[in-house]
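The sequence and the structure come before the details.

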Protein chains: 2
Amino acid sequence: MTLVLGIDIGGTATRAVVTTLGGTRAGSGRAGAANPVTVPAAEVAANLTAALTEALSTVDRAEVGAAVAGAAGASRPAVLRAAFDTLGVRCPLHVVGDAVVAFAAGTDAPAGSVLISGTGAVAAEVREGDLVRTADGLGWLLGDLGSGFWIGRAAATATARALYRGAPPGRLVELVCAEVGERAGDPFVAAVYERPPRELAALAPLVTTAATAGDPLALSIMDEAAGHLCRTLAGVREPGDRSPIVLAGGVLRQCLPLRQAVHDRLTAAWPDAPLRTAGPAEEGAARLAARLLEASSRRRPARS
Amino acid sequence: MTLVLGIDIGGTATRAVVTTLGGTRAGSGRAGAANPVTVPAAEVAANLTAALTEALSTVDRAEVGAAVAGAAGASRPAVLRAAFDTLGVRCPLHVVGDAVVAFAAGTDAPAGSVLISGTGAVAAEVREGDLVRTADGLGWLLGDLGSGFWIGRAAATATARALYRGAPPGRLVELVCAEVGERAGDPFVAAVYERPPRELAALAPLVTTAATAGDPLALSIMDEAAGHLCRTLAGVREPGDRSPIVLAGGVLRQCLPLRQAVHDRLTAAWPDAPLRTAGPAEEGAARLAARLLEASSRRRPARS
């Protein structure tokens, strides 16, 4: 048994990776979403099977000794186990929360905190592969402060206010108006309400673009988002804690102005804590699988 | 011509009143919503006609010399004029914004500010029956800070956080859980997302109840709502302004803890400004109609 399997069951994609115990990639696969909260059951099974088939196509699946899957919210291990049976994968499978996988994707430490901003936002305290406590993660309507949805909605609100004031439009207002497709007062607001609310998350990358170009409105939105995220983290982390903090999620990983603003605040609040940015979640899952395999080898030494 | 007609075209009801020039009620009528933004055109016409028919049933409609209708957002004067023709009402009709009517429902002054919190929230500067400028009024998704929707959503968020923390539930958490129908962590949040977002406004009266009973969580939500509303008003009103401020909308008119919190902040910010609570909007519309009739009588004196 020299290989492990890591799986990330995200809201928009399913990713699988096969690595050696040392983390070297031996195979990888990708398919559509397999989150049972947002996707029909038949599609969940098809996407899981597709991602796994691709990842396993380049390796001897009898060499896979352990698998870990990270999933947001309610997961359905039974569907994943059925896919394993179909593909003839016989190793133990562990399904854990996406925050646990995100933490492992940023550090090998056994305990610490993880702060995630993607489409949603959540902070968690992780200890020995378990979630000890979480903060926010309440979804777009009730929370997710500092998430991609939150940033996109803040951009729409700031644009509506700027249009009503008749202020000279800056870079962000121009980008948002071009994306939403209307250019003045009421029509802009009406156009926003014609879309499904969650689609406001699609405006977040425009805030990144404008903030990178120095637009003051976009920078102030990023600063406010950073403030929310750091307050969320403070809800699961004591002052003076020296354990590592991992920054994860698509928005925090890819939006440099936000990550910088969060970095500055966290460094001020926890000056002695190592700060890490997570790698791909499926690699975090593979790391956890490698740890489990090594632990079980120590408990049951191979006959020599 | 001794009578005037006032009409309030609200989001949930249409109200009409016939008064003397001095404001004494001579007839009134009520029907369902006639706001063209939320109601189909045929229903708009039917509800307008129903409310007007009832209000005019007790008076000689030839005595009605002027009519004013207040409407939120986009209004359709043509539908209202058609209803007038059907009912044989021949007086001039003026359609104005609901903020103008709300201001007139609180004061006879020609100029000042109005702060409205109902299902939505908006502030406006009014001068001689015209809107000079407005702030917020961006709807539930982008703004309406301190509105009934905002208060209801804040109650749901506070309840979800309290359930996750495992804190002893106070009065507000108990009331919200009983209304939403679930009692623990994830199930509560899931139950909230199963409802249409706008229905969160239905939780606002529970916050009023809990705040009146002294619940600290409810009082802090009311205090935050009051802060938002006062900042919205400050967006349309200069420091030192001594013109009257009118508080209007169902939430500000009926929720005493919120009105008290707003009152305290406004008195501190504009100590020399008279502060009034608006009466029924249709009476404000009738007052405006009486002023218009009197002004036109002065311009064209009756032959004697």
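In what order do the five strands of the open sheet in chain A run? The order is S8-S7-S6-S9-S10, and the pairing is mixed.

## Basis of the model

The model is predicted: local features need pLDDT of at least 70 and side-chain atom pairs count only at pLDDT 80 or more, while totals for chains, interfaces and linings use all residues. Residues are numbered from 1 along each chain as its sequence is written, chains are lettered from A and ligands numbered from 1 in the order in which they are written, and side-chain values use heavy atoms, with hydrogens and water left out.

## The sheet of chain A

Helices (H or I, at least four residues) and strands (E, at least two) are DSSP runs, numbered from the N terminus. Two strands pair if DSSP finds at least two bridges between them. Strand S8 (130-136) and strand S10 (275-277) of chain A are the edge strands; each has a single partner strand, so one side of each lacks a neighbour in the sheet. From one strand to the next, the twist averages 20°. Axes here are lines fitted to C-alpha atoms, for helices over the stretch in contact, and angles run from 0 to 180 degrees between N-to-C directions.

Three bridges join strand S9 (residues 245-248) of chain A to S10(A) in the parallel sense. Opposite A:Ile245 stands A:Leu275 in S10(A). Helix H9 (residues 216-234) of chain A packs on the sheet and touches strand S6 (111-117), strand S7 (121-127), S8 and S9 of chain A. The direction of H9 makes about 150° with that of S6(A). Contact means heavy atoms within 4.5 Å.

## A helix pair in chain B

In chain B, helix H8 (residues 204-212) and helix H9 (residues 216-234) pack at an angle of about 115°, and their axes are 7 Å apart. H8(B) contributes B:Val207, B:Thr208, B:Ala210 and B:Ala211 to the contact, and H9(B) contributes B:Ala218, B:Leu219, B:Ile221 and B:Met222.

## Relation of the two chains

Chain A is superposed on chain B by a rotation of 180° with 0.1 Å of shift along its axis (RMSD 0.1 Å). This is the relation of a two-fold axis. The superposition is by least squares on the C-alpha atoms of residues with pLDDT of at least 70 in both copies. The C-alpha of A:Leu141 is the one in chain A nearest the axis, 4.4 Å from it. Both copies use the same surface, since 100% of the contact residues of chain A recur in chain B.
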